[in-house]
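Subject: Structure handover and notes

Hello,

Here is the structure we talked about handing over. My notes follow below it.

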Amino acid sequence: MTVISAISGALLICILYEISAVEFTNSTGSFLSTNNYTDVEAALAAHLDSANIPKARRKRYISQNDMITILDYHNQVRGKVFPPAANMEYMVWDENLAKSAEAWAATCIWDHGPSFLLRFLGQNLSVRTGRYRSILQLIKPWYDEVKDYAFPYPQDCNPRCPLRCYGPMCTHYTQMVWATSNRIGCAIQTCHNMNVWGSVWRRAVYLVCNYAPKGNWIGEAPYKVGVPCSACPPSYGGSCTDNLCFPGVTSNYLYWFK
């Protein structure tokens, strides 16, 4: 379950939270009801209330440039999937998802969490030592898993593999291109003396990205194949841009960074 690569002399590791096949077999079961918008917002609100995130910060939990880069990269990947997607939704930045990512990143725990929130959200993680030139160095390995993925279900990759197993995986990638996961929020934390699978990293750069609604439902394809935008939800009103069902607003970052 690891993706390890040497980039500019730094070590990068990525992991993804996996839904247990025993507990949740697919999104059509009883667990589906927890994935609606109201429940996700309620869970986020409860998490943020309990996290005691300072309202006044000397430095934001992610820069405007990094936020735009992450968002744009996801939408580029989503718009260029093959086979083409008929219902791929444009992804927008979500402030509450970013704040929930900040709260978890601040713990400097190399694992997914908090557990109760993962019932509602998808989550991708990356950590690396040393400096990085671009945030893409932390998120591009998620996309690179596409080489081990065959639509509609994983072939050579194994989504049920334990966190420390070896071999190909692709569930970071499938979360990135899950059609209905149309919101993302991320945070970066510099962690000192962080325990990464038994090794203590004196200075680690920790990236947490949360997605809603969550993807990677076992037994389901990430999207419907067809002519781009031919199966968009009615709420989009037929609007389409760059092969994505378009909501009519490019991002909320203009409001977020005022």
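Two strands are taken as paired if DSSP finds at least two bridges between them. The model is a predicted one.

Strand pairing

β5 and β6 meet that condition with 13 bridges, in the antiparallel sense. Within this pairing, Arg183 stands opposite Ala212 of β6. The two strands form a hairpin with two residues between them. Trp197 sits in the turn and has a positive phi of about 55°. β6 also pairs with β4, again antiparallel, through eight bridges. On that side, Thr129 has Ala204 of β6 as its bridge partner. β6 is mostly covered, with 10 of its 14 residues buried.

Nonpolar cores

The largest nonpolar core has 50 residues. Which residues have the most contacts inside it? They are Ile70, Trp93, Ile184, Tyr206 and Leu207. The elements that contribute two or more residues to this core are the helices α2 (64-79), α3 (95-105), α4 (136-144) and α5 (171-176), together with the strands β3 (92-93), β4 (122-129), β5 (183-196) and β6 (199-212). β6 supplies the largest share, eight residues. There is also a second, separate core of five residues, and Leu97, Leu117, Phe120 and Ala212 are among them.

Helix α3

Is α3 enclosed or open? Eight of its 11 residues are buried, so the helix is largely enclosed by the rest of the structure. The cut-off behind that count is a relative accessible area under 20%. The buried residues are Leu97, Ala98, Ser100, Ala101, Glu102, Ala103, Trp104 and Ala105, so Glu102 and Ser100 are on the list along with several alanines. The N-terminal end of α3 is capped by Asp94, which has a side-chain oxygen 3.0 Å from the backbone nitrogen of Asn96.

Disulfides

The structure holds four disulfides; three of them are described here.

- Cys108 and Cys191: the sulfur atoms are 2.1 Å apart. The torsion about the S-S bond is about -90°, so this disulfide is left-handed. Cys108 is in the loop between α3 and β4 and Cys191 is in strand β5, so the link ties together parts 83 residues apart in sequence. Cys191 is buried, at a relative accessible area of 1%.

- Cys229 and Cys240: the S to S distance is 2.0 Å. With 70° about the S-S bond, the link is right-handed. Cys229 lies in the loop between β6 and β7 and Cys240 in strand β7, 11 residues apart. Cys229 counts as buried at 17% relative accessibility, whereas Cys240 counts as partly exposed at 39%.

- Cys232 and Cys245: the S to S distance is 2.0 Å. With -90° about the S-S bond, the link is left-handed. Cys232 lies in the loop between β6 and β7 and Cys245 in strand β8, so the pair ties together parts 13 residues apart in sequence. Cys245 counts as buried, at 0% relative accessibility.

Pro114 lies in the loop between α3 and β4. The other runs from Ala212 to Pro213, with omega near -15°. Pro213 is in the loop between β6 and β7 (240-241).

Positive phi values also occur in residues other than glycine. Cys108 has phi near 55° and is located in the loop between α3 and β4. This cysteine is the one linked to Cys191. For Asn243, phi is near 70°. Asn243 lies in the loop between β7 and β8 (244-245) and is partly exposed, with a relative accessible area of 38%.

Regards

Technical notes: Residues are numbered from 1 along each chain as its sequence is written. This is a predicted model: local features need pLDDT of at least 70, side-chain atom pairs count only at pLDDT 80 or more; totals for chains, interfaces and linings use all residues. Side-chain values use heavy atoms; hydrogens and water are left out. A nonpolar core is a set of buried Ala, Val, Leu, Ile, Met, Phe, Trp, Tyr and Cys residues joined through side-chain atoms within 4.5 Å. Buried means under 20% relative accessible area, exposed over 50%, partly exposed in between (1.4 Å probe, protein chains only). Helices (H or I, at least four residues) and strands (E, at least two) are DSSP runs, numbered from the N terminus. A disulfide is a pair of cysteine sulfur atoms within 2.5 Å. A polar contact is a pair of N or O atoms within 3.5 Å; within protein, one must be able to donate a hydrogen and the other to accept it, and residues adjacent in sequence count only if both atoms are side-chain atoms.
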